[in-house]
Amino acid sequence: MLQSQAAAGMADLQAVTLAVREKGADGRFEDVVAVLEKTERQGGLQEVLGKLCLSREGPEVLQHILRSLVRVERAAELQVTVLTRLVREIFRNTCVPNKVASAQLDLIHTELERAAEPLLLHLVQLCLTELRRTPSETCYRGLPLLGKLLEVASCREALTPDPAEGVKVSGPRYKTRLLEELCALEWGAERVAGLAIMFLELRLGDDELKMVFTKLCSTVGELPTQSLPPLVHQLLLLSR
């Protein structure tokens, strides 16, 4: 029984890979989305996405998938489903090699500028949810995505973080609020270095910089001795 299920799963992966490669290479974005919709109806999409995250063919196939989802209007919900799985794999799955996870992040980054507001806000909250989880040895890998999301959000004229309230805030104000929320979290020693690097790559206002710098300094007592020199170096760079 288990062998037949595994064989079926592999067949699904091969079928989706071949179809997406062929149709994506020809710019047939509607057809790529149709393949994904069919796979989802059959209950195999999550398994296929998980296997793509681990396979050598994954980055190429995922590139076709993400490009197609962005360009097909009806695929907004499916885009959320796919990106949610990818982001969780990057943060959580220790079986995904760092090089592959980095390639997947690059793919996501290239599509963020086009991201609709609901997707942008969803991904921000997804990253924050991952940061609230118990730290793991790969929990830092998604931080570059959070940094990119903060930059993209800060460039938007206005955003509505809570659609139920309907209150719009400017992109820069939204970024500041997210930084406040981020600095209120318990980071854990495993994430400090990655967060420090993320902050170095962000454009921070004076008040934001002070808030981040204070939070980083508060983590010094929690870190092992060997982690202190890199953090001190990053703090010096931040303070310039």
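Visitor: How many cavities of 30 Å³ or more are there?

Guide: On a 1 Å grid over the protein atoms alone, a cavity is a set of points where a 1.4 Å probe fits but cannot get out. Points are joined across faces, edges and corners, and the volume is the space filled by probe spheres set on them. Here the count is one cavity of 30 Å³ or more, and the largest cavity holds about 40 Å³. This is a predicted model, where local features need pLDDT of at least 70, side-chain atom pairs count only at pLDDT 80 or more, and totals for chains, interfaces and linings use all residues. Residues are numbered from 1 along each chain as its sequence is written, and side-chain values use heavy atoms, without hydrogens and water.

Visitor: Which residues line the largest cavity?

Guide: Lining residues have an atom within 4 Å of a point. Here they are Leu 66, Gln 79, Leu 83, Ile 108, Glu 111, Leu 112, Leu 119 and Leu 123. Six are nonpolar, one is polar and one is charged (nonpolar: Ala, Val, Leu, Ile, Met, Phe, Trp, Tyr, Cys, Pro; charged: Asp, Glu, Lys, Arg; polar: the others, Gly among them).

Visitor: Which helix gives the most to this lining?

Guide: Helices are DSSP runs (H or I, at least four residues), numbered from the N terminus. H6 gives the most, with three residues. Helices H5 (76-92), H6 (98-112) and H7 (117-132) each supply at least two.

Methods: On a 1 Å grid over the protein atoms alone, a cavity is a set of points where a 1.4 Å probe fits but cannot get out, and a pocket is an open set with protein on both sides within 12 Å along at least five of seven lines; lining residues have an atom within 4 Å of a point.
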